[in-house]
Amino acid sequence: MRNAASPWRAFRHDRWVRPFFARYKKPLAGAIALSILAYTFAAGLMFTSGYLISGSATLPASVLMMHLALIAVRVFGLGKPVLQYLERLTSHDWILRVTSSLRLRLYQSLEGQAGMGRAVRRTGDVLGLLSEDLSHLQNMYLRCMLPTVAAWLLWLIATIALGAFSLPVALGMFVLLGIQTVLLPLVAVLTGSARRMRMKAMKNEMYAELTDNVLGVADWVFSGRSDEYLARHLAAHDRLRELQRAESRASHWRDMAGQVVFGLVAAMLLMWAGVQFGGAAAVDVSSAANYIAAFVLCFFPLIEAFAPTPAAALDAVSHADSIMRLNDLPEPVGDWGDAGVSAVPLAASVASSAGAATHHSKPVAPSARPAVSFAEPAASHDAARIPSDASASCAVVDADEAAGCAVTDAAASGGTADIRLQDVSFAYPGSDRLVLDGLDLEIPQGQKIAVLGRSGAGKSTMAALIRGDHVPQSGRVTIGGADASALGDAMPRRIGVIQQNIYLFNDTLLANLRVGNPAATEEDAWRVLDQVGLREMVERLPQGLNTLVDEAGKRFSGGERHRIALARVLLQDVPIVILDEPTVGLDPITEHALLDTLFKALEGRTVIMVTHHLQGVSAMDRVVFVEDGRIAIDGSPEQLAKANSHYQALLAFDRGF
Ligand SMILES: Nc1ncnc2c1ncn2[C@@H]1O[C@H](COP(=O)(O)OP(=O)(O)OP(=O)(O)O)[C@@H](O)[C@H]1O
């Protein structure tokens, strides 16, 4: 668990939220000014109402004597809600923009860790980031900053205003309100921040544990330990509730201390106004006495401004921790900053951010396009269309990127998608162990190659390097002469991947097929479904292509999901396809049928199949073994079957001898 974060330290090093405060200086200042004005109108309303009530009670000779007070009541009465509405509008408008941009930024940061390089964050962590950090950050402004700044300014204004009538009373109010706006917040932070941080850490742990256990629920049940899990979860829940109870007890004490302060201020005002405007002190007793109620009543609306300051200070500590957690994330992919904080309308901001990610990707950047185009396929077809030729792909790239695009696509449009790994060495960040150590491999365009090796030998790592998800520490990985890691968003037009675990989104089957190519028509979809042998199955579905795929595609069998993934890749229309253990978990007959379909459908393309066993390998042009970070064995399946004892032994194992 992180130590209680200091808001000051968090803000000083913040790269996430601070830029928005700088960018939105004017709306921020405007919202604070509107808030002060709204409170002033509320106080003015009570002041004039107090005067009017007292004045009316003395039965003036004519109602015209109350004329000015009546007008003031109307002005303040109408002005207060209008100002409050404007303040809410201004503050919520920009904070919702900020939250939306922050979500986009979080997605882009996580995107940089995805791909074949494997995500490094757990689902629960991401859930925690989204729900505990991002969503609550909007409260940092709405519940911490705005109320605190407004309360301090009002404290100053009220003191100065009262000082015009009586210095000692103004001083008394300054001290009393100082207890509420400075002392109590300080006490709240000193006594409550450790507890608040513990609560937050516990919630995040519970998110992580819950998602972990939901994903692994079957294993808990099969091992007969579901009760144990439930008991553990309930115990954690009870500990959290205990902390929540302690927090609410502390909050009650703070509220009570605040009420005492407000009571003292009101009593002091009453006594002072009584002496000042009532009795013998007043020159004109009948009209001066009207100010007693006016002065006392006008303080009450201000309580609303001062009351939240202790809680706001405590909340600021949690928000500081959120800011630090967000700042611990890797830099997001793409130049999100301008798109994220620009004052353009929200939809345009999202669209331009997606565009920005497309244009400014860094080496380890898979495209941001699928997430956006998946949600809105029709709107993004043109921008996201996967061009059939390389020159068209540059049409969507802006001037800044034109040069880079020209380089990468020139290499690719040379008609070759040859892959070359030259003396490649790679170690994962934070590890000294070289997973690949001086590996050399050339894969000519159109070749079908099986990559074998022991578990952990580095097969998937090699595939990730080819896809440009990692950059080698030394050596080069090129596709058609261009560095794989520099292809960035052009990569999805070069390489398609079919992974072990196929993920299907909770959308229609058609939308799932279009993930790699939002511009694909229904005819295209039927054509590829035909190729992968799924046409009949889809025709039997209640709404055909528009049938909703249940969560994670559970309505489809493993083999069907793999065929859907193959159909996606066929729609993506790429020259190179990586199959990362594509038949794991399938029975031998389904596996055989799937591989048969795969090879037929991928005829003419480069196929790199990372696999553990030899099923389907005989259909490949070439087999390589990765061992000790290099290619240890290399040859055609026929050659190896004849001459390589290791391969022969594997064949024998595979056949069950
Ligand atoms: N993200 C990562 N961070 C650190 N180490 C990693 C990471 N991914 C893989 N490794 C390590 O790199 C080595 C090679 O892993 P890789 O997944 O490439 O092997 P593999 O041959 O594909 O294994 P398998 O057949 O079991 O999938 C392993 O020792 C693994 O623990």
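Two strands pair if DSSP finds at least two bridges between them. Helices (H or I, at least four residues) and strands (E, at least two) are DSSP runs, numbered from the N terminus. This is a predicted model: local features need pLDDT of at least 70, side-chain atom pairs count only at pLDDT 80 or more, and totals for chains, interfaces and linings use all residues. Residue numbers start from 1 along each chain as its sequence is written.

**Sheet**
- The open sheet has 4 strands in the order β2-β1-β4-β5, with antiparallel pairing.
- β2 and β5 (482-483) are the edge strands, and each pairs on one side only.
- Helix α18 (residues 459-466) packs on this sheet and touches β1, β2 and β4 (contact: C-beta atoms, placed from the backbone, within 7 Å).

**Strand partners**
- Strand β1 (residues 419-426) pairs with β2 (residues 436-443) over 6 bridges, in the antiparallel sense.
- Here S425 has D437 in β2 as its bridge partner.
- β1 also runs antiparallel to β4 (residues 474-479), joined by 5 bridges.
- In β4, I479 stands opposite I419, and T478 stands opposite R420.

**Ligand shell**
- The ligand is surrounded by 13 residues (C-beta atom, placed from the backbone, within 6 Å).
- The closest are Y428, S455, K459, S460 and T461.

**Annotated spans**
- An unreviewed UniProt entry lists several spans as "transmembrane region", including residues 171-194 and 288-307; such annotations may be inferred rather than shown by experiment.
- Residues 171-194 are 100% helix and 0% strand, with end C-alpha atoms 34 Å apart.
- Residues 288-307 are 90% helix and 0% strand, with end C-alpha atoms 31 Å apart.

Note on methods
Two residues are in contact if their C-beta atoms, placed from the backbone, lie within 7 Å. Axes are lines fitted to C-alpha atoms, for helices over the stretch in contact, and angles run from 0 to 180 degrees between N-to-C directions.
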